Amino acid sequence: MRLTRRAAIAGLALSGCVGTSTGRAVLAFRGADGVAVSGQAYGAGRHAVVLVPGGHGVGETWHFQAQRLARAGFRVLAIDYRGRGRSPPVPPDDEKAHLDVLGAVRQLKAEGAERVSVVGASWGGWAAGTAAIAEPGLIDRVVLLAHSPFREPERLGGRKLFIVAAEDREGSGRLRIESIRDQFQRAPEPKELVLLEGAAHAQFLFLTDQGERLYAEIERFLSAA
């Protein structure tokens, strides 16, 4: 059965909400071009993490993982793209999602974060990588979860973790690992590539038997000295 986008988003969000307290607050900030954006903030800590969703642009789908990262000592911000989720109503423009990521990182640094990492899933991975290339040194490390390819991965600085399921396929039927391995090989060190079992795409891996390993890999990478 193929899920509609609305049903898929609801499933991801509810998977983390049942039986938990939210522990979150809405944080308003501005994208790098001044457009008003919002996200859901969790926890406190000197190391902050921006969670960037896929093309649906709804940060609430990171709720469960955001709570766990907050309990692990991170300050977390799960962003809604401009014009999506709780962000003010403007015409959505996914091609500018990297500007929302940059705005989120700057906001967290303005609030006292000593370093900020970004985790991006699918199109959110494109946004994370593009943002890191646009302002070298701003982002401490990047997790690219089954990401959409971005230009010039050779310019991607900092520590990098690439993660994808072995049987995850693009709309054309091509295995996603093919384009991701190309981006991984072109990116400079330090870098890691983790290949998980199954065919689930990006955040949907959290709903499979690979979910715990996926979370553990992300937390390990973010926590490493």
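Biologist: In this model, is phenylalanine 184 buried or exposed?

Modeller: The model is a predicted one. Phenylalanine 184 has a relative accessible area of 17%. A residue counts as buried when that value is under 20%. Phenylalanine 184 is therefore buried.

Biologist: With which residue does phenylalanine 184 form an aromatic pair, and of what kind?

Modeller: The partner of phenylalanine 184 is phenylalanine 162, and the ring centres are 5.3 Å apart. The planes stand at 85° to each other, and an angle over 60 degrees counts as edge-to-face. The pair with phenylalanine 162 is thus edge-to-face.

Biologist: How many residues apart are phenylalanine 162 and phenylalanine 184 in the chain?

Modeller: Phenylalanine 162 belongs to strand E7 (residues 159-165), whereas phenylalanine 184 belongs to helix H5 (residues 176-186). The pair links distant parts of the chain, and the separation is 22 residues.

Biologist: What is the relative accessible area of phenylalanine 162?

Modeller: Phenylalanine 162, the strand E7 member of the pair, is also to be judged by the 20% limit for buried residues. Phenylalanine 162 is buried, and its relative accessible area is 0%.

Biologist: Which residue lies over the face of phenylalanine 184?

Modeller: A charge sits over a ring only if it is within 6 Å of the ring centre and within 35 degrees of the ring normal. At 4.8 Å from the centre of the phenylalanine 184 ring lies lysine 191.

Biologist: What is the handedness of the crossover from E7 through H5 to E8?

Modeller: E7 and strand E8 (residues 191-196) pair in the parallel sense over 6 bridges. Within this pairing, lysine 160 stands opposite lysine 191 in E8. The chain passes from E7 through H5 to E8 as a β-α-β crossover, which is right-handed.

Biologist: Why is the pair of tryptophan 123 and tryptophan 126 classed as it is?

Modeller: By the ring-centre rule, the count comes to 3 aromatic pairs. The rings of tryptophan 123 and tryptophan 126 have centres 4.4 Å apart, and their planes meet at 15°. Planes under 30 degrees apart count as stacked, so this pair is stacked.

Biologist: In which helix do tryptophan 123 and tryptophan 126 lie?

Modeller: The two tryptophans are 3 residues apart, about one turn of the helix. Tryptophan 126 is buried, at 12% relative accessible area. Both tryptophan 123 and tryptophan 126 lie in residues 123-134, that is, helix H4.

Biologist: With which side chain does the side chain of glutamine 40 make a polar contact?

Modeller: Glutamine 40 lies in strand E2 (residues 36-42) and is buried at 2% relative accessibility. The polar contact of its side chain spans 2.6 Å, and the partner is the side chain of arginine 24.

Notes
Residues are numbered from 1 along each chain as its sequence is written. This is a predicted model: local features need pLDDT of at least 70, side-chain atom pairs count only at pLDDT 80 or more; totals for chains, interfaces and linings use all residues. Side-chain values use heavy atoms; hydrogens and water are left out. Rings of Phe, Tyr and Trp (its six-membered ring) pair if their centres lie within 6.5 Å; planes under 30 degrees apart count as stacked, over 60 as edge-to-face and the rest as tilted. Helices (H or I, at least four residues) and strands (E, at least two) are DSSP runs, numbered from the N terminus. Buried means under 20% relative accessible area, exposed over 50%, partly exposed in between (1.4 Å probe, protein chains only). A polar contact is a pair of N or O atoms within 3.5 Å; within protein, one must be able to donate a hydrogen and the other to accept it, and residues adjacent in sequence count only if both atoms are side-chain atoms. Two strands pair if DSSP finds at least two bridges between them. A crossover is right-handed if, with the strands pointing away from the viewer, the path from the first strand over the helix to the second runs clockwise.
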